[in-house]
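Student: I have a model open and want to go through it with you. Can we keep it quick?
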Amino acid sequence: MSAAPDFSLDGRVAVVTGASGALGSAIARALGGAGARLALLARRTDALYRVAGELAGIETLPLAADVLSAEALGTAREAILARFGRVDALVCAAGGNVPGATVAADGSFGDVEEDAFRAALDLNLLGTWLPCQVFAEALAAGDGGAIVTISSTAAQRALTRVPVYGAAKAGIESLTRSLAVELARRHGDRLRVNALAPGFFVGDQNRALLLRDDGSPTERGETILAHTPAGRFGEPDDLAGAAVWLCSPASRFVTGTVIPVDGGFGAFSGV
């Protein structure tokens with residue numbers, strides 16, 4: 001009889017970028033709850049240290065680092081190896097949209113400035129590429145590692161008003177598959193790369209698009225909910241189980257995949 005799947009992260013070290021954000025902090029909490037020691041990376045140090053302080057009983061190392069700086073990430077990697085001696089998982093949770101790359105309700109994609117386009121693309125795509133590049137060899141040096149990137153339902157289905165964000169997340173999905181192949185060619189099954197694709201989760205960046213001041217859904221929010229079989233927006237903890245699974249030995253033969261966590265939004269035709 002086969003042994004039960006191993007979802008434990010006991011003794012492992014997980015690095016989470018964007019750890020001060022709602023999704024990043026929820027994923028970090030779940031990984032820590034599964035036994036991992038945590039290296040938490042973010043630019044916003046006040047929020048980062050607050051998150052670290054909330055993870056009672058979990059060994060954490062909060063580090064200020066910009067995912068758009070290979071030098072800062074390299075410095076963080078050395079601090080993590082000095083503290084923990086290993087890296088077993090990397091979750092690239094830094095990302096999101098930027099205000100200038102969101103098309104106004106009565107506007108056109110032609111209104112998006114080039115700088116805003118580049119900023120959204122860099123934050124998501126370059127901000128995923130660089131951490132993978134910096135931490136890959138450390139991940140491969142241990143007993144076997146996992147990289148989890150964060151895509152979006154916008155990568156697979158065209159959404160109005162966020163064309164740049166959708167393009168950036170589509171790039172992350174392509175990058176995830178390419179890195180899965182590239183790293184398997186170099187390291188066999190010892191280093192896996194997969195993506196999570198959240199549906200509609202309410203956060204600081206999209207709250208005004210989805211909710212009115214009284215908390216009721218906007219017209220856009222109502223349309224989204226009508227096309228989400230689960231009937232609600234996602235909550236940060238909804239990503240927890242999938243993130244732990246992809247970082248654990250239970251998914252040891254899973255690589256190059258994109259796992260939707262969207263309440264069924266991507267499965268529904270609207271009819």
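Student: Is Asp238 buried, exposed or partly exposed?
Tutor: Asp238 is partly exposed, at a relative accessible area of 30%. The classes are buried (under 20% relative accessible area), exposed (over 50%) and partly exposed (in between), with a 1.4 Å probe and protein chains only. The areas come from the Shrake-Rupley method with that 1.4 Å probe, and for residues only the protein chains shown count as cover.

Student: Before we go on, what should I know about the model and the numbering?
Tutor: This is a predicted model, where local features need pLDDT of at least 70 and side-chain atom pairs count only at pLDDT 80 or more, while totals for chains, interfaces and linings use all residues. Residues are numbered from 1 along each chain as its sequence is written, and side-chain values use heavy atoms, leaving out hydrogens and water.

Student: Back to charges. Which residue does Arg232 meet in a salt bridge?
Tutor: Asp238, at 2.9 Å from N to O. The rule asks for a side-chain nitrogen of Lys or Arg within 4 Å of a carboxyl oxygen of Asp or Glu. Arg232 is partly exposed too, with 41% relative accessibility.

Student: How far apart are the closest N and O atoms of Arg86 and Asp143?
Tutor: They are 3.2 Å apart. The pair ties together distant parts of the chain, 57 residues apart. Arg86 sits in the loop between α3 (70-84) and β4, and Asp143 in the loop between α4 and β5 (145-150). Helices (H or I, at least four residues) and strands (E, at least two) are DSSP runs, numbered from the N terminus.

Student: New topic, surface patches. Which residues form the negative one?
Tutor: Asp106, Asp111, Glu113 and Asp115. Patch members need over 30% relative accessible area and no salt bridge; like charges are joined within 9 Å, and nonpolar side chains (Val, Leu, Ile, Met, Phe, Trp, Tyr) within 5 Å. Asp and Glu count as negative, Lys and Arg as positive, and His and the chain ends are not counted. Each charge is placed at NZ of Lys, CZ of Arg, CG of Asp or CD of Glu.

Student: Where does Glu113 lie?
Tutor: In the loop between β4 (89-92) and α4 (114-140). Glu113 is exposed, because its relative accessible area is 57%.

Student: And which residues make the nonpolar patch?
Tutor: Leu68, Leu126 and Trp129, with about 230 Å². Leu68 belongs to the loop between β3 (60-64) and α3. Its relative accessible area is 33%, so Leu68 is partly exposed.

Student: Let's do strands. How many residues of β2 are buried?
Tutor: 5 of its 6 residues, in a strand running over residues 37-42. Strand β3 is largely enclosed by the rest of the structure, because 4 of its 5 residues are buried.

Student: Do β1 and β2 run parallel or antiparallel?
Tutor: Parallel, with 5 bridges joining β1 (residues 13-17) to β2. Strands pair if DSSP finds at least two bridges between them. Ala14 has Leu38 of β2 as its bridge partner.

Student: And what stands opposite Leu38 in β3?
Tutor: Thr60. Strands β2 and β3 pair in the parallel sense as well, over 5 bridges.

Student: Which residue other than glycine has a positive phi near 80 degrees?
Tutor: Arg161. Its place is the loop between β5 and α5 (163-187). Arg161 is partly exposed at 25%.

Student: Last one. How far apart are Leu31 and Ala243, in sequence and in space?
Tutor: 212 residues in sequence, and 7.6 Å from C-alpha to C-alpha. Leu31 lies in helix α1 (residues 22-33) and is buried at 0%. Leu125 and Ala76 are 49 residues apart along the chain, with 20 Å separating their C-alpha atoms.
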